Amino acid sequence: MSAKIRFVTDSTADLSPEYVEQHNITVVPLKGSFGEETYRDYVDIKPDEFYRRLRQADKLPRTSQPSPADFLAAYQPLVEEGAEIISIHIASALSGTVQAARLAKEMLNYPHLEVVDSESASIFLHAMIREGVRLAERGGSVEDILELWQSFHSRRQVLFMVDTMEYMLKGGRIGKGTAFLGTLLNIKPIFTFKGGVVHPVEKVRGRKKALDRMVELIRQQVGDKPVHCIIADADAPDYLAELRRRVEERINCSELIISRMGPVMGTYSGPGFVGIVVWRDP
Amino acid sequence: MKIYSFNGKDLYAMLVGSTNRLAKRKAEIDALNVFPVPDGDTGTNMYYTMLAGAREAARQLDENIGRVAEAAASGSLLGARGNSGVILSQFIAGLGEAMAGLEQASLSDVARGLQRGVELACQAIANPVEGTIITVGREMAAAFSEAAGRSGDLVRATVLAYQQAQKALEKTPELLPVLKEAGVVDAGGRGLVVILEGIIKALKDAAASRDVELFDVAAQQQRQFASTSAEYLDKKLQYTYCTEFILSGSQIPHDTLRQELAPYGDCLMVVGNKQTVKVHIHTNHPGLVMECGLRYGALKEIHINNMEEQMQEQNGLSAPAERPLKKVGLVAVGLGEGINIIMNSLGVDRIVQGGQTMNPSAQDLLAAVEATPAETVILLPNNKNVILAAEQARSLASKEVMVLPSRSLVQGISALLAFNTYEDGETNYKRMEAALAACRDGEVTVAVRDSSVNGISVRKGEYMALTGDGLVAAAANLEEAVAGLVGHLSGGKPGLVTLYFGADMAEAEARWVLEKVQAVYPRADIELYYGGQPVYHFLVSVE
């Protein structure tokens, strides 16, 4: 019988408190600040309050990765348990979080700690954690989980849209050339993640058409096959409801999880984000 | 008065003669427009194409006819504007091929060259339509061939060809029903007839000068004629400032304004109605032009561009810091401030001004393509009349160019929406092509004369809804015409409707029209944007 596997992630995975508690996951918060006032993601500020303040703020909040010390503190109790630790985080192309975790790993010199760059964030990271947790709970080993994740990006479809490009542009987390996604004509650009980088897929005019198109693109890839699905919004419950209705009509979901974007991720998407990830079992 | 052989200078005199003739007749040719829209430009396009050929010939002026003919061919290929201009440039290219390497040419070379020109023109256009410049050109070439079989006199042959071309022109309405309905002959064909008139005049002058060659005076006159013409041609292109503005007044006399402005430069356009006039001119005295305009109303939206500077920029003379080459660049023909802004926001690298009222030349398009720092350029002509010139630019370009056959500004915008910088040229081209096919669009403007098209009769002053298929609705009110167009495009069930309002409309007025259309189609999403295009009150797309 191998030692118990424990998962560590960061707050950008946007896991629900219930899920975190149920599966005993350690979440290391990123940090943000409105002016001088600093907060820990999900700990000191919850999404509702965050979006209310974001809409009123003159300047975008700043965000920062956890320090290696934060990771040391998170890993310490697990090391003492003698657990096998899998620490999976937001894409290194988007944040320095993975580097901080790796630094902590070097300092610890603990052999049973794997730090993984998810090459994604939010619900897309969330999806990987669910898949890993499920395998661990069925008795899979750390190697099995890492192997399973190797193929994750080829089994998943990720799409999201934003109401306005403003936040993504200000946040600087998008690749070069994406500035020309049109700020006129009520264009709703649809994006995906490729190699950890936000990548434009299509430009669609109008929200309804963009939502239709997202679900259509997913359907073109998965057809009638059963898939796991997570959808989420950033302070856009109407969009989320519209997306959900379309998903339920068009996609064969073996599970459909409704999530939302937290404060740190919401800083870059801005209010009005909706996203979907579907993945099939290998 | 017979000419059996002629040299480079004679050819040049013919080019100058026909160019000058076209200059005089271009407005009349422009007016031969199937749709009563004040945007006809066939005459202007043919004139600029001839002018470009004559100008290049002036640069290479020589006794050797091969050199002059080739220069005229390359000049007109580059300067070709509009479909008729491109076809005309192919006729000249045929002559260039036939005369290449010759010291002097004879009538049989002309006949051979024009036959070749007709072949080239048919290759250049995908579906040659009878009843157009192609038909008139073929008849002209046949007449030269026939005459060459009888006698070698170029003057007589040209007169015969002129008569034959004139007959063919008169028959164009029989061949092309839209011409008959509109009660006009084909404009491009008419242009060709005018060119022949110009050549006859030049030949007669030349023949006269030969007959009296012993008299110094006449010979000198002839030389003078050639040299002043050359000067005149050069001067025409020496205007530096492209000056544009909108004039608002109450009773603006277009013709008077046009006459007053004409001496200040070239490329003059005075379009609009009695209250609002768009003025465009290339001049060295933008201040004087505006002063002149001020006498008739208030000036708005003044744009003065230094074309020399633009040209230098385009040629990379005042080269900005070296930029890395993009995989795929975009060059689009745009018209109207608002449209240009939208196109820029969709990633267009270079916008070439032009379109319906002022077709850009192959050279304008080529310059923009060459100035775009990309390995491959997708070129959007955004007007059915510019597609051929775009093809011409493609064949002349030093880099890979893909011409997307977009036939309107709105189609161009739809195609641009499908563009993705991360994909290669091939993939993008396919996506954009599919977007073109899915785009349904049209435009609304005022009829400038009574007409009947597609079985719909329209009276002067009424609003017309036009699509790529022609006139689809006419109404006394603007809002009815727009609603009619939306209904036609969508089969009565519009989803997303986009209205781009023109330069001559106030936003409040445009919004009022939107509300009226919304009342007719309450379930449609209707969006309104400023297009700023001349002539058309609204450009409309339906998705």
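How many residues of domain 1 of chain A are in contact with domain 2 of chain A? Before you select anything, note that this is a predicted model: local features need pLDDT of at least 70 and side-chain atom pairs count only at pLDDT 80 or more, while totals for chains, interfaces and linings use all residues. Residues are numbered from 1 along each chain as its sequence is written, and chains are lettered from A and ligands numbered from 1 in the order in which they are written.

**Stop 1: the domains of chain A.** Select 5–30 + 65–150 for domain 1 and 155–279 for domain 2; these bounds come from an automatic or database domain assignment. Their C-alpha centres lie 24 Å apart. Back to the opening question: 17 residues of domain 1 of chain A touch 18 residues of domain 2 of chain A, where contact means C-beta atoms, placed from the backbone, within 7 Å. Colour the domain 1 side by class and you get eight nonpolar, seven polar and two charged residues. Here Ala, Val, Leu, Ile, Met, Phe, Trp, Tyr, Cys and Pro count as nonpolar, Asp, Glu, Lys and Arg as charged, and the others, Gly among them, as polar.

**Stop 2: a β-α-β unit.** Still in chain A, pick strand β11 (227–234), helix α10 (237–250) and strand β12 (253–260). Helices (H or I, at least four residues) and strands (E, at least two) are DSSP runs, numbered from the N terminus. The three elements form a right-handed unit: with the strands pointing away from you, the path from the first strand over the helix to the second runs clockwise. β11(A) and β12(A) pair in parallel over seven bridges; pairing takes at least two DSSP bridges. Zoom in on A:I230, which sits opposite A:I257.

**Stop 3: across to chain B.** The contact between the chains draws 13 residues from chain A and twelve from chain B. On the chain A side, strand β10 (197–205) gives the largest share, four residues.

**Stop 4: the sheet in chain B.** Show the open six-stranded sheet, ordered β15-β14-β11-β18-β16-β17, with mixed pairing. β15 (470–475) and β17 (525–530) of chain B are at the edges with a single partner strand each, so one side of each has no neighbour in the sheet. Now select β14 (463–467) of chain B, which pairs antiparallel with β15(B) over five bridges. B:Y463 has B:A475 as its bridge partner there.

Conventions. Two residues are in contact if their C-beta atoms, placed from the backbone, lie within 7 Å.
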